[in-house]
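Hi everyone, thanks for making time.

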Amino acid sequence: MSAQKDRRVSSFSFLLFWASSIPTWGSTRLLQELSPQEYFSSLQAGRASLAYFSHSGSPGAQPFLEQIENSAEALNDYGISVVKVNCPREDVSRYCRKENAVRKAYLFRGNVLIREFPTDALFDVNSIVANILFALLFNEVTYVETLADLQNIENALKGRSNLVFAYVPATGTAEHRAVMEAAFVYGTVHRFVLTTEAALLKDTGIDEPDVSSARLLFCHCQRATDPAQPCRRTAMEQALTMLNIHRHLKLMGAPLVTEVAEAPEKVSTVHLQLGLPLVFILSQKETYEADRRTAEFVAWKLLGKAGVALLSRDLVDLNILLRSNVALKTPDEGVPIKYLILEDTDEIITLVENKSEVKQIQEEEEDEEDEDEKDNNDQDIQDDQVVEAVSRDKKRELHLEQILALAEDTFHSALSEASRTVVLFYASWEAVSQAVLRSYIEVADHLKGTQGILLSRVNCWDTPGLCVKENVTQFPTIKIYENGERSVMYNGMWGTEDLTSFIMLSRVSCPLKLATIDEAEGYLRGEFPSELSPYHHASFLGVFSTATSEAREAFEEAGNILSGHVTMGMYFEDDALAFSRKYAVSPPALLLARRGAQSVEGITLTKKSTQDMVQMIRDELLDIFPEITVQNLPHYLQLRKPFLVLFSDGDIGEMESKEMLKLAKGRSQQAFVACWLNLKKTPVGRGVLKVYFATLPSLPVLIWVNLHARGRVFKFPSEQPITETNILSWLEKLKAGLEIPSSTLSEEDWKPPLPAYDFLQMMETAMPELPLHTSHRHEDTPAQHQPGSPGGDAAVQEEPSQETKAEKVMSPGRDLRGTAPRLAAREKQGKRHSEL
């Protein structure tokens, strides 16, 4: 076997030399011409040959002869000879029969016939080389038609070898030839699988595959030691050529993470040799395990695009700032190493994939005082992720032309110009305000040209008196004024989509009073103005009789509170009783029509207070089997129920969705929240799983966790199918205490790593002549705040473990703040706020 491998590597080396040189045509005639007797007597055991038996009177054979003569040189590189056998007229043996002439060519290994080919299948050099190698490698290249066939081969290879899966639209193409040539060279190292089935390419999970283009996937089955663990797949993004495939396989064969013990300038890996950058994760022994996981996470994300190395500061004396945690080395000669301070692995991936220019950190020696100041400033930014994001994006210019700036003398006149005026109250120096301004600009672009809506802004830092009059006590605040009078305050998420939805839905009266049954029926069918249809997901219709005025008034007040967040209608005419009976309820009642649902739900209103109605409507807005996102998670956490979460890497399967929905609709759904989380849409879920488990489990995985009691995490048995019956049986075992938790979450509170700034106390200390309102600040004693220490250094010293607590809940492999630079910054934590 080793001799065969050496022969293939030698052949490949020759191929590379041949591919990079200019051929000299006609120097040597590689197409042999022999008689049948000479040909069969010259055959050698184990050596392959392609023979074409020709009659001198066969003019139609000339085009084919030209193609096999052109292919003779390529086939000869693989030890395959090409022979034209001249048949005498009197020879009527099998291969020289006239009916076979022109139409067939024969492949022999020694004197054994391997396969006969119709000549129309060997139409050019690519098709000849591809088909000949395909026939010779039939034991090493498997053709598959279904996903099950592919998975069976993967399962057989797990823990032993890797798999190269190639899709070509048709055999005999240049891409097919490239795959076969790669299989000839690497067939003893990797298992090769080929298909021409477009449906199979789609089943492999490639996003929107172009079935007209050839694709190649490297399946890392050797790393899948657990039979239930799927083989990771890395797609080759370049075109399928021999050199690109060779390059890809070289990258796949390189170590996932290289540990180095020398300066980055001296390090050379296969990635740099092949023209790719090399990313260094800078570590030290205190954070080695976390940094190793981070490096592996980044390496999988950048596989085939960049190399990743782990460099310990304890082994190499780097003359760089201690805050640096990542280094980037490019393959370009003369380009210096870039040492960077990054917060999240996404920044590394963006840096490599988008080839972004990152400002190199200055490495000149600075005196200790200046360096301390830099560390403190950088740490202050890291204290708040919003502040950090705004600081990183501070050079981005804000285009505020579409948003009218208001002052005290223009405020009330502007409110009267439009039926609805949206006002953003903000402070120009405050980070959250700056972040919301960016969303607000996007809203203005989206609503440009919408009649009856004016978007405006008030900078409370310049006009504090106006903000006090409008009862604005926090920044940012958004209010919508209707005809310059009644206002509604926004209290939702600050994203563009949520803001736009709130502004558009606030245009509809809440609740909307309906005068006839036809109007009420149309309302339940969702007959809104067309421009509002994308913004509502459910419609609530309150039905009241004259005897239920108390419930009606509470419903109206609830509508005022929920205006902009939900669509609410109200019907209280004389025939309300007859109308409600159609839906099997009696006034006071609530009818709920969900978008896309075929039926209307009827709910009797037993509680008649405004707050009860508001809470009930908010609960009804929650989905039965929701997809958990960062935006909607707080709503489900407020229910204070255990979570049954199905984690999936993409959309969940039809069977799992059906079974989980049945479970969520069952009697037990009141006891817990059945939900799912898509890791592709919500990548933070990976960090959650890594907190739950030491290693990322195979997906999909079903988890039970009660965040509100004991924090124990249970994993549904992976060998059982996800069905309602199996899950309910498993939950009974959990209830009876028969299952062992996979992990238990820490009982530590998730608090800010530092106390909040007391700005009023700082201002009073700095400028005692200012008459500050003492009612707005805490009563401090001399023991609490020492002179010269505004901002509360004592509080920092009282809770030295808060930083450590924050690090414990970080998701390994996502956040770079657990590495050496964070440890270094912690040493100077005590003086972080003292310079304010």
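Let me start with a question: are Tyr-95 and Tyr-106 buried or exposed? Tyr-95 is buried, and Tyr-106 is too, where buried means under 20% relative accessible area, exposed over 50% and partly exposed in between, with a 1.4 Å probe and protein chains only.

A word on the source: this is a predicted model, where local features need pLDDT of at least 70, side-chain atom pairs count only at pLDDT 80 or more, and totals for chains, interfaces and linings use all residues. Residues are numbered from 1 along each chain as its sequence is written, and side-chain values use heavy atoms, with hydrogens and water left out.

Back to those tyrosines. Searching the whole structure gives 22 aromatic pairs; rings of Phe, Tyr and Trp (its six-membered ring) pair if their centres lie within 6.5 Å, with planes under 30 degrees apart counted as stacked, over 60 as edge-to-face and the rest as tilted. Tyr-95 and Tyr-106 make an edge-to-face pair, 4.8 Å centre to centre with 80° between the planes. Tyr-95 is in the loop between β3 (80–86) and β4 (104–109) and Tyr-106 is in β4 itself, so their pair ties together parts 11 residues apart in sequence. Strands here are DSSP runs of E, at least two residues, numbered from the N terminus.

Now to strand β26, residues 643–648: six of its six residues are buried, so the strand is largely enclosed by the rest of the structure. Phe-643, Val-645 and Phe-647 cover one side, and Leu-644, Leu-646 and Ser-648 the other.

Key. Helices (H or I, at least four residues) and strands (E, at least two) are DSSP runs, numbered from the N terminus.
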